[in-house]
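Subject: Salt bridges in the model

Hello,

Here is the structure for you to look over. My notes on its charged pairs follow below.

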Amino acid sequence: MSHMESIASSAVRAAIKVKASVIICFTSTGRAARLIAKYRPTMPVLSMVIPRLKTNQLHWTTTGAYEAIAYHKRSFPMLADPRNAVESTGATNETVLKVAFDHGRNIGVIKPHDRVVVCQKVGDDSVVKIIELEEEI
């Protein structure tokens, strides 16, 4: 079992144990979302695809796996702003996470006082965290 697969497995197990309403997964290639879907979570998965910006001085392009991410029947892919690189700062992470919470609330999978499991990379470390939402998201 690879490192990333053990993180995905842990995220699904944690979500089931704490009765989370949703798993939020940050990804740029779609691999993390595929691995989470492999473990068949009972709750929806919000996949925040963070495209990477590339340039050759004249032309800007983005890469990401937004199109190929619907691996789970309750998966909701969402393309994040590429200027918010998730690896950069904690403040940026919170911004992207708030966008995910707002999107989840709008599609009806997140309500006040729900528990949410977040799977993301912070620098070189992979993190699975459980967040209990306040009254106002």
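A word on burial first: buried means under 20% relative accessible area, exposed means over 50%, and partly exposed lies in between (1.4 Å probe, protein chains only). By that rule E5 is buried, at 14% relative accessibility.

This is a predicted model, where local features need pLDDT of at least 70, side-chain atom pairs count only at pLDDT 80 or more, and totals for chains, interfaces and linings use all residues. Residues are numbered from 1 along each chain as its sequence is written, and side-chain values use heavy atoms, with hydrogens and water left out.

E5 pairs with K38, N to O, at 2.4 Å. E5 sits in helix α1 (residues 3–17) and K38 in helix α2 (residues 31–38), so this bridge ties together parts 33 residues apart in sequence. Helices here are DSSP runs of H or I, at least four residues, numbered from the N terminus. K38 is partly exposed, at 48%.

K98 bridges to D102 at 3.2 Å, N to O. Both lie in helix α3 (residues 90–107), four residues apart, about one turn of the helix. K98 is partly exposed, at 42%.

D102 also takes part in a salt bridge with R105, with the closest N and O atoms 3.7 Å apart. These two are three residues apart in helix α3, again about one turn. R105 is partly exposed, at 36%. Through shared partners, K98, D102 and R105 join into one network.

Best wishes

Methods: A salt bridge is a side-chain nitrogen of Lys or Arg within 4 Å of a carboxyl oxygen of Asp or Glu.
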